[in-house]
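Dear colleague,

Please find below the structure that I am handing over to you, followed by an account of what was found in it. I would be grateful if you could read the two side by side.

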Amino acid sequence: METIREIWAFLRVRKRFWLAPIILTLMLLGLLMFFAGQAGVVAPFIYAL
């Protein structure tokens with residue numbers, strides 16, 4: 001959670017709110033890749049995307 005707070009503080013102080021959707025997309029993609037590696041039953045559905 002500390003990393004998320006630091007990123008938010010960076011965006012808020014430097015007024016770079018346009019970076020928020022990019023960072024969010026990268027984080028969601030990372031989560032998808034993480035779960036794709038561990039999911040045995042769900043893996044065919046994820047690879048189909």
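The term pLDDT denotes the predictor's confidence in each residue, on a scale from 0 to 100. It is needed here since the model is a predicted one. Averaged over the protein chain, pLDDT is 80, and 78% of the residues score at least 70. Among the elements, α1 has the highest mean pLDDT (87), while helix α3 (residues 43–47) has the lowest (65).

Overall composition

The protein chain contains three helices and zero strands, and its elements run α-α-α from the N terminus on. Of its 49 residues, 8% count as buried. The chain exposes about 4,500 Å², of which carbon and sulfur atoms supply 74%.

Helix α1 and the residue after it

Helix α1 has 13 residues. From its first C-alpha to its last it reaches 18 Å, which is close to the 18 Å expected at 1.5 Å a residue.

A search of the whole structure for salt bridges finds one. Which side chains form it? The partners are Glu2 and Arg5, with an N to O distance of 3.7 Å. In general, side chains of opposite charge can pair when their charged atoms come close. Both residues belong to helix α1 (residues 2–14), where they stand three residues apart, about one turn of the helix. An α-helix has 3.6 residues a turn, so residues three or four places apart point the same way.

Just after α1, Lys15 takes a positive phi of about 55 degrees, although Lys15 is not a glycine. Lys15 is located in the loop between α1 and α2 (20–38). Its relative accessibility of 63% places Lys15 among the residues that count as exposed.

The aromatic pair

The whole structure was also searched for aromatic pairs, and one was found. It consists of Trp8 and Phe17, whose ring centres are 5.9 Å apart and whose planes stand at 50 degrees, so the pair is tilted. Are these two residues buried, partly exposed or exposed? Trp8 counts as partly exposed at 46% relative accessibility, and Phe17 likewise counts as partly exposed, at 42%.

Ile23 is found in helix α2. The C-alpha atoms of Ile23 and Ile7 are separated by 9.1 Å, and the two residues are 16 residues apart along the chain.

Leu24 also has its place in helix α2. Leu24 is one of the residues of a nonpolar patch on the surface, which is formed together with Leu28, Leu31, Phe34 and Phe35. Together, these residues have about 510 Å² of accessible area.

When you consult these findings, please bear in mind that they come from a predicted model, and that helix α3 has the lowest mean pLDDT among the elements of the chain.

With kind regards

Note on methods: Residues are numbered from 1 along each chain as its sequence is written. Side-chain values use heavy atoms; hydrogens and water are left out. A salt bridge is a side-chain nitrogen of Lys or Arg within 4 Å of a carboxyl oxygen of Asp or Glu. Helices (H or I, at least four residues) and strands (E, at least two) are DSSP runs, numbered from the N terminus. Buried means under 20% relative accessible area, exposed over 50%, partly exposed in between (1.4 Å probe, protein chains only). The expected span of a helix is 1.5 Å times one less than its number of residues. Rings of Phe, Tyr and Trp (its six-membered ring) pair if their centres lie within 6.5 Å; planes under 30 degrees apart count as stacked, over 60 as edge-to-face and the rest as tilted. Accessible areas come from the Shrake-Rupley method with a 1.4 Å probe; for residues, only the protein chains shown count as cover. Patches are made of residues with over 30% relative accessible area and no salt bridge: like charges are joined within 9 Å, nonpolar side chains (Val, Leu, Ile, Met, Phe, Trp, Tyr) within 5 Å.
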